[in-house]
Amino acid sequence: MQGLHASESPTRFAPMILDDRDKGIFRVARTAFIDEDVLLRERDRIFNRCWLYLGHESEIAEPNDFITRNVGGKELIFNRDRKGEPHAFFNTCPHRGALVERRPKGNAISFKCFYHGWAFNNNGAFATRMSPGDYPEDFNSDGCANLTRVAKLQGYRGFYFVNFDPGAMSLDDYLADAKGILDIVADHGPRGMEIVGSEQKYSIRANWKLLVENSIDGYHAVDTHATYFDYLSEAIGGPAALSKRSFVWNLSGGHSSIEGEAPWGRPVARWIPAWGEAAKAEVDDIRAELESRVGAERADRIARMGRNTAIFPNLIINDIMAITIRTFYPLEPNLMNVSAWALGVKGESRGFRKRRLDNFLEFLGPGGFATPDDLEALEAAQRGYAAHREAAWNDISRGMKRERFVSTDEEQMRCFWREWSRRMEDAQ
Amino acid sequence: MNAPAAGASAAIEKPLSRADYEDFLYNEAALLDEWRMDEWFALFLEGAIYEVPCAGAPDNADSSEDLFYISDNYFRLGHRVARMNKESHHSEFPHSSVTRMIGNVRVLGADQSGVSVGCTFVTHRSKNDVLSVYCGHHRYVLRAVEGRIRIVSKRTFLDLNSLRPQGRVSIIV
C-alpha cells in the first residue's frame, strides 16, 4: 500500500480504494470518511452531478399540492401546478433569498415570500404587482424574478429525482438496471404505491457512505441485530434464520441490490402463522391478484423474496419486512441527516396497513429493534477512524473471489465504491 | 389500537387525586432513570400499549394510518424491555445515563377504560459524550387495580419538529 499516500499534484485525487481482483482484496481508506476535502469534492462531483431522490408522486397527488424538502443540501419545492404538471424549484426568493414556502407540505396556487412580499404562481412565474418606476419596464424579461427551476426533474414509476447538472444523462440511462428493482417495488399493488404518513427525520454522527454500506449489508445482520432475531423467533413461533440462498445484483452505475428469502412475514405477500387465519385469506387474495397481474414467476419473486437496494449515491429502497425509502446527506464528514419513509400499497385495508407499519417499526427507524443498533455501529466506526493514520484501511473483500456472490458477501458495497472512486478520481 | 382494550370494565373509572398520579409518575420516572426495566414493565396491565409517534405528531395520531417510531402492543413491549436488559442492545450498551423531569401533571378525564392523565416531560440522555434532550408530553390511561395504579396505555408525544440531532429513541423516553 506504499505509494497510495505518495504526494500527488494538487489537481489529482489520491486513490482511496485498493481493488485487487487477482488477490481478492478490496480496501477503502478511512480518510474517505473523515476528510473535509473529500466531502467538498463529493459535493461537487457526486451530489451536484448525480440524480438525487426528491420524492414520491403520492406526496403531491393532486394539482397544486406541494412539499418542501432539502435535497443534496439545497432547499427545494416539489409541486404540481394548476394543470397537475410536476415542478422542482429552489425554495429561495429571487429577490433576496428567503424561503418562499416554509411549510413541509400543503396545497397552494402560489408561493409568497414573507420578507418583501414577492409572489409566484405555482409554475414558478413572478406574479407581483409593482408600482411604475420601481423596476425597469422590461424587468423579468430574462426570467430573473421567477423561481429558479432545478436543472432536471424526472420520474420513474412514481419515484421522482432531480439533477443539478444541466448536462446530466437522462434518469432512465442513469438508473440503468436499478429500474428493474423500482419496477418490482412499484408492482406490489394494483393501484400503485403511496408514502404512508410521517417522515422520520433523524441524524447519525457518522459519514454518509457508512449508511450506504450498512443498508445493503447482509453480513452484519446476525451480530448487530441479535435482539431483533430473538424477538422475531418468538413472534413467528419458530427459528428466525435467514435463507442461505441469496443473490447479489450489480445494477451498474454504482447501484446494487441483495435479494433473498427471510423468516419475517411480508405484507405483499408472505403469510406467517403469527398473523392468524383471517390474515391468511387476505394474503392469499393479495397473492392471487399479484399473480394475475404480473404472472406466477414474477409474483413469486415479489412476494417471497426481499431486497435491499442502493441507488447511487444516497437512495436506499429496502423492500424487506416492510418497504422503507431512505435518503441521507452529509452536513459534515462525521454527520449526516437521514430522511426515511414507509411505502405502502394504495388501497390496502386498515388491518393490513397496521400490519405493514408494525413490521416496519419492529425493525426500522429510530425506535425500532434494529436501526438504533446500526446507528451505534456506524458511530462506533466513525470514532474508530480517528486512528486512521495508524489503522488506515477498511476491508471490503468478503467473498471477492467467489464464483457467485451471496448477500453476506460485500460485492454490493464494492459496486458502490468503484463508482464513487471513478467519479472522485476522474480527470474533469 | 387507540381504544385501550386492557382492563376495560363497565363502570367509569373514578379519578384519584392529582397527588396520587404525581407520585405514580415520579416513581415511574425513577424506575426508568435507575434502569429497573422489569419493575417498569410491571406497571403495565396485560394488553396495554405503548406508543411514540413521530416528532411533532398530533395527539390523535393513529398507528394504523401513520408511521410512528414505536407502536408496541403488550407482547412487543415485553420484548422491548427484555432488549433493554441485554448487552446485545448495542445502542444502550453500555447504558446511557438518563434523567427525567415530569411536570404540569393534569387529570384530563375518565371513562370506562380508565383515567386520562397528562404531563409534560424533559428527558436527558447522555451517551458517547453526546447529550440528547427529548421534550414533549405523555398521555396516559391509568386504572387503579387492587390499590395500585396501572398503565392501560402510554403515548409519548415528542414536541420537537424532528429527531435531529437526537437520532434515536432507544430509551423509554
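## A walk through a predicted two-chain model

Chain A has an average pLDDT of 94, and 97% of the residues score at least 70. (pLDDT is the predictor's confidence in each residue, on a scale from 0 to 100.) Over residues 1–10 of chain A, though, the pLDDT is below 50, and beyond near neighbours in sequence this stretch has five contacts in the model. Two residues count as in contact if their C-beta atoms, placed from the backbone, lie within 7 Å. Where pLDDT is low, the predicted coordinates should not be read in detail. Chain B has a mean pLDDT of 95, with 95% of its residues at 70 or more. The model as a whole scores ipTM 0.93 and pTM 0.95.

A quick word on the ground rules: this is a predicted model, where local features need pLDDT of at least 70, side-chain atom pairs count only at pLDDT 80 or more, and totals for chains, interfaces and linings use all residues. Residues are numbered from 1 along each chain as its sequence is written, while chains are lettered from A and ligands numbered from 1 in the order in which they are written.

### Domains in chain A

Chain A is assigned domain 1 (52–172) and domain 2 (187–425); such bounds come from an automatic or database domain assignment. Their centres, taken over C-alpha atoms, are 32 Å apart. Each side brings some residues to the contact: eight from domain 1 of chain A and eight from domain 2 of chain A. On the domain 1 side, the residues touching domain 2 split into two nonpolar, five polar and one charged. Here Ala, Val, Leu, Ile, Met, Phe, Trp, Tyr, Cys and Pro count as nonpolar, Asp, Glu, Lys and Arg as charged, and the others, Gly among them, as polar.

### Where the chains meet

Helices (H or I, at least four residues) and strands (E, at least two) are DSSP runs, numbered from the N terminus.

### Two helix pairs

Axes are lines fitted to C-alpha atoms, for helices over the stretch in contact, and angles run from 0 to 180 degrees between N-to-C directions.

| Helix pair | Angle | Axes apart |
|---|---|---|
| H4 (208–215) and H10 (371–384) of chain A | about 135° | 10 Å |
| H7 (277–294) and H8 (296–304) of chain A | about 130° | 7 Å |

Because of its angle, H4(A) is oblique to H10(A), and H7(A) is likewise oblique to H8(A) because of theirs. (Angles under 35 degrees count as roughly parallel, over 145 as roughly antiparallel, 65 to 115 as roughly perpendicular and the rest as oblique.)

The crossing of H4(A) and H10(A) is right-handed, and H7(A) also passes H8(A) in a right-handed crossing. A crossing is right-handed if the near helix is turned clockwise from the far one by less than a right angle, and left-handed if anticlockwise.

Who touches whom? In the H4(A) and H10(A) pair, Leu210(A), Leu211(A) and Asn214(A) meet Asp374(A), Leu378(A), Ala381(A) and Gln382(A). Those residues divide into four nonpolar, two polar and one charged. In the other pair, Arg287(A), Leu290(A), Glu291(A) and Val294(A) of H7(A) contact residues of H8(A) including Ala296(A) and Arg298(A).

Most residues other than glycine have a negative phi, and most peptide bonds are trans. Phe312(A) and Pro313(A) are joined by a cis peptide bond, with omega about 0°. Pro313(A) sits in the loop between strands E16 (305–311) and E17 (315–319) of chain A. Asn140(A), not a glycine, has a positive phi of about 75°.
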